[in-house]
Amino acid sequence: MIQPKKSLGQHFLTNRHYCTRIVELAEIDQFDIVLEIGPGTGALTSSLLERSRLVTAVEFDRDMVKTLEGKYQAVMNSEPPRLRIYQKNILNSDWEPFLHYPFPEQEQYSIKPDQIKAKVIGNLPYNISTRILEHSVKFKKFFASFTFMTQKEVALRILAAPGSSDYGYFSLLMAFNFHRISGFDVPPGSFYPPPKIMSHVLQLKPRFIQTEAEKEFIQLTKTAFSQRRKTIYNNLKRLFPDPEQLLLALEESGVSPQARPQEISLEKFLAISEASRRVLSFQS
């Protein structure tokens, strides 16, 4: 087996049982085009190939790409190809081109466009998992779902509700852009080498909140959680030309100036953002 590189945060999933569970959670079927992030040694790739129409695997490690190309030469050379492998940095990539699929002529009229779904699956490297999750927001309109495995502490932040110690800006960013669905834990022994922490698989389904205050929402939530122990008023007042304008926005939104940011729901933060649009002059 190719040796994992610590510098890349590599922990290869080796347990076939959990590969199957990930594919089932993602609801992969014969019409799906799957973008797999970080295929590693291909354990999950094999499970995806059993269910999907096409897998596009994006791997940063050149040595790993060579190993995968040797392992899957037959399905890469099939007509049409069942697997495409790209050596790229997913954080610097536009994900939309990975979806392009050349339909064989005999299929062009037998498959309805709404039958084809694009989905993302990935066992995310621990050291860049949050950056990949933030990057995925840019491409949510192209995909039906994102099924990711991350370290459990990151999953808890994504899934956190108001009042939780894990609740923060990242929770709100994910909640604004996705319906968040908890899946299941994956123990350290399912990987090579075993990590020191528990992993968790979750699913994100794109949501599109209609608001003209998205820029305000991003800036306000970032600033609100810059100092968690301070009140919402004390954290946000520096953004406003006149503190009285903030007090009016909070009152209009039904939020107490003495509330802590971790107590305030997505809906309330959106209300504050909407009420603040006319007085905030920044551009995010």
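Colleague: Let's start at Ser-276: what makes you put it in a helix?

Modeller: Helices here are DSSP runs of H or I with at least four residues, strands are E runs of at least two, and both are numbered from the N terminus. Ser-276 falls in helix H11, residues 266-276. Before we go on, this is a predicted model, so local features need pLDDT of at least 70 and side-chain atom pairs count only at pLDDT 80 or more, while totals for chains, interfaces and linings use all residues. Residues are numbered from 1 along each chain as its sequence is written, and side-chain values use heavy atoms, with hydrogens and water left out.

Colleague: Why is Ser-276 called buried?

Modeller: Buried means under 20% relative accessible area, exposed means over 50%, and partly exposed is in between (1.4 Å probe, protein chains only). Ser-276 has 0%, so it counts as buried.

Colleague: Which residues is Ser-276 in contact with, leaving aside neighbours within four places in sequence?

Modeller: Leu-220, Phe-240 and Ala-249. Contact means heavy atoms within 4.5 Å.

Colleague: What makes E2 and E5 a pair?

Modeller: Two strands pair if DSSP finds at least two bridges between them. E2 and E5 (residues 117-123) run parallel and are joined by 6 bridges, with Glu-36 standing opposite Ile-121. There are also 5 bridges from E2 to E3 (residues 54-59), again parallel, and there Leu-35 stands opposite Thr-56.

Colleague: What is the handedness of the crossover from E2 to E3?

Modeller: It is a right-handed β-α-β crossover, passing through helix H2 (residues 43-51). Right-handed means that, with the strands pointing away from the viewer, the path from the first strand over the helix to the second runs clockwise.

Colleague: Why is the link between Lys-117 and Asp-29 called a salt bridge?

Modeller: The term asks for a side-chain nitrogen of Lys or Arg within 4 Å of a carboxyl oxygen of Asp or Glu. Lys-117 and Asp-29 meet at 3.2 Å, N to O. Lys-117 is in E5 and Asp-29 in the loop between helix H1 (16-25) and E2, so the pair ties together parts that are 88 residues apart in sequence. Lys-117, at 25% relative accessible area, is partly exposed, and so is Asp-29 at 27%.

Colleague: What about Asp-32 and Lys-119?

Modeller: Their closest N and O atoms are 3.1 Å apart, and they form a salt bridge. Asp-32 sits in E2 and Lys-119 in E5, so this pair ties together parts 87 residues apart in sequence. Both Asp-32 and Lys-119 are buried. Asp-29, Asp-32, Lys-117 and Lys-119 are linked in a network of salt bridges, and the structure holds 9 salt bridges.

Colleague: What does the side chain of Thr-223 reach?

Modeller: The backbone oxygen of Gln-219, at 2.8 Å. That passes as a polar contact (N or O atoms within 3.5 Å; within protein one must be able to donate a hydrogen and the other to accept it, and residues adjacent in sequence count only if both atoms are side-chain atoms). Thr-223 lies in helix H8 (residues 214-224) and, with a relative accessible area of 3%, is buried.

Colleague: What makes a nonpolar core, and how many residues has the largest one?

Modeller: A nonpolar core is a set of buried Ala, Val, Leu, Ile, Met, Phe, Trp, Tyr and Cys residues joined through side-chain atoms within 4.5 Å. The largest has 54 residues, and those with the most contacts inside it include Ile-37, Trp-95 and Leu-204. Helix H7 (residues 169-177) gives the most to this core, with 7 residues. A second, separate core of 26 residues includes Phe-12, Leu-44, Ala-57 and Val-65.

Colleague: Which peptide bond at Pro-80 is cis?

Modeller: The one joining Glu-79 and Pro-80, with omega about -5°. Pro-80 is in the loop between helix H4 (73-76) and strand E4 (83-87). The peptide bond from Tyr-192 to Pro-193 is cis too, with omega near -10°.
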